[in-house]
Amino acid sequence: MSDVVDDTAVEPPHDRERPKSTVDRTLLILGTFQNKQRRQTLSEIGRSTGLPIATCYRIVQRLVEWGALEKGEDGRYYIGLRLWQVAALAPQPSRLQRVARSFMQDLFEASGHTTHLAIRDGLELISVERFQAGHRPVPRPVVGGRYPMHASAIGHVLLAYAPYKIRQKVLEGPFERFTSRTLTNRADVERVIERVRQVGYSICDRHVDEFHCSVAAPILGQSGAVVAALSVAFTDRDVNPLTQVDLVRVTARRISLQLKSAGHSQQVFPAA
(Lines give C-alpha, C1' and ligand atoms only; values in the text may rest on other atoms or scores of the structure.)
Protein backbone atom coordinates (compact mmCIF):
# COMPACT_ATOMS: atom_id res chain seq x y z
CA MET A 1 0.00 0.00 0.00
CA SER A 2 1.28 3.46 -0.87
CA ASP A 3 1.33 6.14 1.78
CA VAL A 4 0.18 8.75 -0.75
CA VAL A 5 -3.42 7.50 -0.76
CA ASP A 6 -5.87 10.37 -0.21
CA ASP A 7 -7.73 9.19 2.89
CA THR A 8 -10.11 12.16 2.77
CA ALA A 9 -11.95 10.35 0.00
CA VAL A 10 -12.79 7.43 2.25
CA GLU A 11 -13.61 9.33 5.46
CA PRO A 12 -17.13 8.25 6.51
CA PRO A 13 -19.71 10.88 7.52
CA HIS A 14 -19.41 10.08 11.22
CA ASP A 15 -15.68 10.88 11.26
CA ARG A 16 -16.55 14.03 13.19
CA GLU A 17 -16.72 11.78 16.27
CA ARG A 18 -13.16 10.57 15.78
CA PRO A 19 -9.98 12.13 17.20
CA LYS A 20 -8.69 14.79 14.84
CA SER A 21 -5.09 15.32 15.93
CA THR A 22 -2.29 13.00 14.87
CA VAL A 23 -1.31 12.52 18.50
CA ASP A 24 -4.82 11.41 19.47
CA ARG A 25 -4.99 9.04 16.53
CA THR A 26 -1.60 7.60 17.39
CA LEU A 27 -2.65 6.98 20.98
CA LEU A 28 -5.89 5.42 19.75
CA ILE A 29 -3.90 2.98 17.60
CA LEU A 30 -1.49 2.07 20.40
CA GLY A 31 -4.44 1.57 22.75
CA THR A 32 -5.79 -1.28 20.62
CA PHE A 33 -2.80 -3.50 21.47
CA GLN A 34 -4.07 -5.25 24.58
CA ASN A 35 -5.41 -8.59 25.80
CA LYS A 36 -6.33 -10.73 22.75
CA GLN A 37 -5.26 -8.02 20.29
CA ARG A 38 -1.56 -8.18 21.01
CA ARG A 39 -0.76 -8.95 17.34
CA GLN A 40 -2.86 -7.25 14.67
CA THR A 41 -2.99 -6.74 10.92
CA LEU A 42 -3.41 -3.25 9.52
CA SER A 43 -7.03 -4.07 8.70
CA GLU A 44 -7.69 -5.18 12.28
CA ILE A 45 -6.19 -1.96 13.60
CA GLY A 46 -8.43 -0.02 11.24
CA ARG A 47 -11.53 -1.87 12.42
CA SER A 48 -10.61 -1.43 16.09
CA THR A 49 -10.01 2.31 15.77
CA GLY A 50 -12.57 3.15 13.13
CA LEU A 51 -9.89 5.20 11.37
CA PRO A 52 -9.42 5.18 7.58
CA ILE A 53 -6.98 2.49 6.51
CA ALA A 54 -4.65 5.01 4.84
CA THR A 55 -4.47 7.03 8.07
CA CYS A 56 -3.69 3.88 10.02
CA TYR A 57 -1.02 2.92 7.52
CA ARG A 58 0.83 6.23 7.76
CA ILE A 59 0.78 6.31 11.56
CA VAL A 60 1.66 2.63 11.94
CA GLN A 61 4.63 2.98 9.58
CA ARG A 62 5.93 5.93 11.61
CA LEU A 63 5.51 3.92 14.82
CA VAL A 64 7.48 1.07 13.25
CA GLU A 65 10.25 3.45 12.22
CA TRP A 66 10.50 4.79 15.77
CA GLY A 67 10.38 1.32 17.31
CA ALA A 68 7.03 1.58 19.12
CA LEU A 69 5.65 -1.18 16.88
CA GLU A 70 7.28 -4.06 15.05
CA LYS A 71 6.01 -6.11 12.11
CA GLY A 72 6.23 -9.89 12.12
CA GLU A 73 6.78 -12.20 9.18
CA ASP A 74 3.06 -12.94 9.22
CA GLY A 75 2.31 -9.29 8.50
CA ARG A 76 0.93 -8.59 11.96
CA TYR A 77 2.09 -5.71 14.11
CA TYR A 78 2.97 -5.92 17.79
CA ILE A 79 4.39 -3.67 20.50
CA GLY A 80 8.05 -2.91 19.86
CA LEU A 81 11.03 -3.05 22.15
CA ARG A 82 11.51 0.71 22.30
CA LEU A 83 7.98 1.31 23.63
CA TRP A 84 8.54 -1.43 26.22
CA GLN A 85 11.79 0.27 27.29
CA VAL A 86 10.00 3.59 27.75
CA ALA A 87 7.12 2.00 29.67
CA ALA A 88 9.56 0.19 31.96
CA LEU A 89 10.71 3.58 33.25
CA ALA A 90 7.33 4.28 34.88
CA PRO A 91 8.45 4.44 38.53
CA GLN A 92 5.43 3.45 40.59
CA PRO A 93 4.23 0.20 38.95
CA SER A 94 7.82 -1.02 38.54
CA ARG A 95 8.55 -0.26 42.19
CA LEU A 96 5.45 -2.19 43.19
CA GLN A 97 6.59 -5.13 41.09
CA ARG A 98 10.06 -5.13 42.60
CA VAL A 99 8.69 -5.09 46.13
CA ALA A 100 5.94 -7.64 45.56
CA ARG A 101 7.75 -10.18 43.39
CA SER A 102 9.60 -12.11 46.09
CA PHE A 103 6.51 -12.25 48.30
CA MET A 104 4.41 -13.47 45.38
CA GLN A 105 6.99 -16.15 44.67
CA ASP A 106 6.77 -17.31 48.29
CA LEU A 107 2.97 -17.38 48.10
CA PHE A 108 3.08 -19.33 44.86
CA GLU A 109 5.43 -21.92 46.32
CA ALA A 110 3.51 -22.17 49.61
CA SER A 111 0.08 -22.50 48.03
CA GLY A 112 0.95 -24.21 44.77
CA HIS A 113 -1.51 -21.90 43.02
CA THR A 114 -1.27 -19.07 40.52
CA THR A 115 -0.60 -15.70 42.16
CA HIS A 116 -1.63 -12.42 40.57
CA LEU A 117 -0.97 -8.74 41.27
CA ALA A 118 -3.10 -5.96 39.78
CA ILE A 119 -3.73 -2.23 40.05
CA ARG A 120 -6.68 -0.09 38.98
CA ASP A 121 -6.53 2.34 36.08
CA GLY A 122 -9.73 4.29 35.61
CA LEU A 123 -12.65 1.86 35.37
CA GLU A 124 -10.51 -1.23 34.72
CA LEU A 125 -7.80 -3.27 36.38
CA ILE A 126 -4.36 -3.78 34.91
CA SER A 127 -2.44 -7.00 35.49
CA VAL A 128 1.01 -6.12 36.85
CA GLU A 129 2.62 -9.46 37.74
CA ARG A 130 1.77 -13.16 37.78
CA PHE A 131 3.34 -16.45 38.86
CA GLN A 132 1.95 -19.73 37.57
CA ALA A 133 2.97 -23.32 37.00
CA GLY A 134 4.55 -23.81 33.60
CA HIS A 135 2.84 -27.15 33.01
CA ARG A 136 -0.64 -25.65 33.11
CA PRO A 137 -0.50 -22.13 31.70
CA VAL A 138 -3.64 -19.99 31.92
CA PRO A 139 -4.44 -17.66 28.99
CA ARG A 140 -5.50 -14.80 31.25
CA PRO A 141 -4.74 -12.53 32.88
CA VAL A 142 -1.95 -11.34 30.62
CA VAL A 143 0.55 -9.07 32.35
CA GLY A 144 -0.17 -5.59 31.05
CA GLY A 145 -3.71 -6.59 30.06
CA ARG A 146 -6.78 -4.59 31.07
CA TYR A 147 -9.89 -6.27 32.49
CA PRO A 148 -13.25 -5.30 33.99
CA MET A 149 -13.44 -5.18 37.77
CA HIS A 150 -16.90 -6.71 38.31
CA ALA A 151 -15.97 -10.28 37.37
CA SER A 152 -13.04 -11.33 39.57
CA ALA A 153 -11.97 -11.39 43.19
CA ILE A 154 -9.01 -9.12 42.51
CA GLY A 155 -11.32 -6.74 40.63
CA HIS A 156 -13.82 -6.70 43.48
CA VAL A 157 -11.09 -5.67 45.92
CA LEU A 158 -9.88 -2.84 43.68
CA LEU A 159 -13.44 -1.68 43.06
CA ALA A 160 -14.36 -1.85 46.75
CA TYR A 161 -11.58 0.56 47.69
CA ALA A 162 -11.82 2.81 44.62
CA PRO A 163 -12.99 6.42 44.99
CA TYR A 164 -16.76 6.84 45.25
CA LYS A 165 -17.11 8.35 41.75
CA ILE A 166 -15.25 5.43 40.21
CA ARG A 167 -17.44 2.88 42.01
CA GLN A 168 -20.59 4.63 40.87
CA LYS A 169 -19.39 4.79 37.28
CA VAL A 170 -18.57 1.09 37.21
CA LEU A 171 -21.87 0.23 38.88
CA GLU A 172 -23.72 1.93 36.04
CA GLY A 173 -22.68 -1.05 33.91
CA PRO A 174 -22.98 -2.72 31.58
CA PHE A 175 -21.53 -5.89 33.13
CA GLU A 176 -20.06 -8.39 30.69
CA ARG A 177 -21.07 -11.98 31.39
CA PHE A 178 -18.25 -14.54 31.24
CA THR A 179 -19.98 -17.52 32.89
CA SER A 180 -23.36 -18.26 34.43
CA ARG A 181 -21.86 -17.18 37.78
CA THR A 182 -20.61 -13.75 36.66
CA LEU A 183 -22.25 -10.91 38.56
CA THR A 184 -24.24 -8.87 36.03
CA ASN A 185 -26.67 -7.13 38.36
CA ARG A 186 -25.80 -3.83 40.04
CA ALA A 187 -27.30 -4.84 43.37
CA ASP A 188 -25.21 -8.04 43.44
CA VAL A 189 -21.98 -6.18 42.66
CA GLU A 190 -22.76 -3.56 45.31
CA ARG A 191 -23.44 -6.26 47.86
CA VAL A 192 -20.16 -8.04 47.11
CA ILE A 193 -17.94 -4.95 47.24
CA GLU A 194 -19.60 -3.83 50.48
CA ARG A 195 -18.75 -7.19 51.99
CA VAL A 196 -15.16 -6.82 50.79
CA ARG A 197 -14.92 -3.54 52.70
CA GLN A 198 -16.25 -5.30 55.80
CA VAL A 199 -14.13 -8.46 55.79
CA GLY A 200 -11.06 -7.30 53.86
CA TYR A 201 -10.98 -9.96 51.15
CA SER A 202 -12.97 -11.38 48.22
CA ILE A 203 -13.73 -14.88 46.96
CA CYS A 204 -14.99 -15.63 43.45
CA ASP A 205 -15.92 -19.11 42.27
CA ARG A 206 -15.88 -19.54 38.47
CA HIS A 207 -16.94 -15.97 37.71
CA VAL A 208 -14.42 -15.49 34.88
CA ASP A 209 -14.21 -19.03 33.49
CA GLU A 210 -15.65 -22.44 34.31
CA PHE A 211 -12.56 -23.69 36.12
CA HIS A 212 -11.01 -21.18 38.51
CA CYS A 213 -11.81 -20.02 42.00
CA SER A 214 -9.85 -17.02 43.31
CA VAL A 215 -9.18 -15.27 46.60
CA ALA A 216 -7.93 -11.66 46.77
CA ALA A 217 -6.90 -9.08 49.36
CA PRO A 218 -5.86 -5.40 49.24
CA ILE A 219 -2.32 -4.02 49.39
CA LEU A 220 -1.82 -0.70 51.16
CA GLY A 221 0.66 2.09 50.56
CA GLN A 222 2.34 4.28 53.15
CA SER A 223 -0.69 6.56 53.50
CA GLY A 224 -2.97 3.60 54.19
CA ALA A 225 -4.71 3.84 50.81
CA VAL A 226 -5.19 0.69 48.73
CA VAL A 227 -2.63 0.75 45.92
CA ALA A 228 -3.04 -2.75 44.50
CA ALA A 229 -4.59 -6.16 45.11
CA LEU A 230 -3.16 -9.67 45.34
CA SER A 231 -4.87 -12.96 44.55
CA VAL A 232 -4.42 -16.70 44.21
CA ALA A 233 -6.41 -18.75 41.72
CA PHE A 234 -6.88 -22.50 41.69
CA THR A 235 -8.87 -25.18 39.88
CA ASP A 236 -8.77 -27.93 42.49
CA ARG A 237 -12.35 -28.46 43.59
CA ASP A 238 -11.22 -30.06 46.85
CA VAL A 239 -9.49 -26.83 47.96
CA ASN A 240 -11.55 -24.80 50.41
CA PRO A 241 -11.19 -21.10 49.41
CA LEU A 242 -11.32 -20.09 53.07
CA THR A 243 -8.05 -21.95 53.68
CA GLN A 244 -6.38 -19.62 51.17
CA VAL A 245 -7.67 -16.39 52.70
CA ASP A 246 -5.07 -16.17 55.47
CA LEU A 247 -2.21 -16.95 53.08
CA VAL A 248 -3.27 -14.18 50.71
CA ARG A 249 -3.99 -11.64 53.44
CA VAL A 250 -0.70 -12.29 55.24
CA THR A 251 1.24 -11.93 52.00
CA ALA A 252 -0.64 -8.75 51.09
CA ARG A 253 0.13 -7.38 54.54
CA ARG A 254 3.84 -8.19 54.16
CA ILE A 255 3.94 -6.39 50.82
CA SER A 256 2.11 -3.43 52.37
CA LEU A 257 4.64 -3.19 55.19
CA GLN A 258 7.52 -3.33 52.72
CA LEU A 259 5.93 -0.61 50.59
CA LYS A 260 5.48 1.53 53.68
CA SER A 261 9.09 1.13 54.75
CA ALA A 262 10.19 1.92 51.20
CA GLY A 263 8.26 5.19 51.29
CA HIS A 264 5.58 4.16 48.81
CA SER A 265 3.15 6.90 49.80
CA GLN A 266 1.09 7.41 46.68
CA GLN A 267 -1.42 5.31 44.80
CA VAL A 268 -0.02 3.55 41.75
CA PHE A 269 -3.21 4.23 39.85
CA PRO A 270 -5.01 7.47 39.03
CA ALA A 271 -8.10 8.40 40.99
CA ALA A 272 -10.23 8.71 37.87
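Strand 3 (residues 114-121) and strand 4 (residues 124-131) run antiparallel and are joined by seven bridges. Here strands are DSSP runs of E, at least two residues, and helices are runs of H or I, at least four residues, numbered from the N terminus; two strands pair if DSSP finds at least two bridges between them. Within this pair, alanine 118 sits opposite serine 127 in strand 4. The model is a predicted one, where local features need pLDDT of at least 70 and side-chain atom pairs count only at pLDDT 80 or more, while totals for chains, interfaces and linings use all residues. Residues are numbered from 1 along each chain as its sequence is written, and side-chain values use heavy atoms, with hydrogens and water left out.

On its other pairing, strand 3 meets strand 8 in the antiparallel sense over five bridges, with threonine 114 opposite alanine 233. Strand 8 is also joined to strand 7, again antiparallel, by eight bridges, and alanine 216 has serine 231 as its bridge partner there. In the hairpin of these two strands, with five residues between them, glycine 224 takes a positive phi near 95°.

Put together, the strands make an open sheet of six in the order 5-4-3-8-7-6, with antiparallel pairing. Strand 5 (146-148) and strand 6 (202-205) are the edges, each pairing on one side only.
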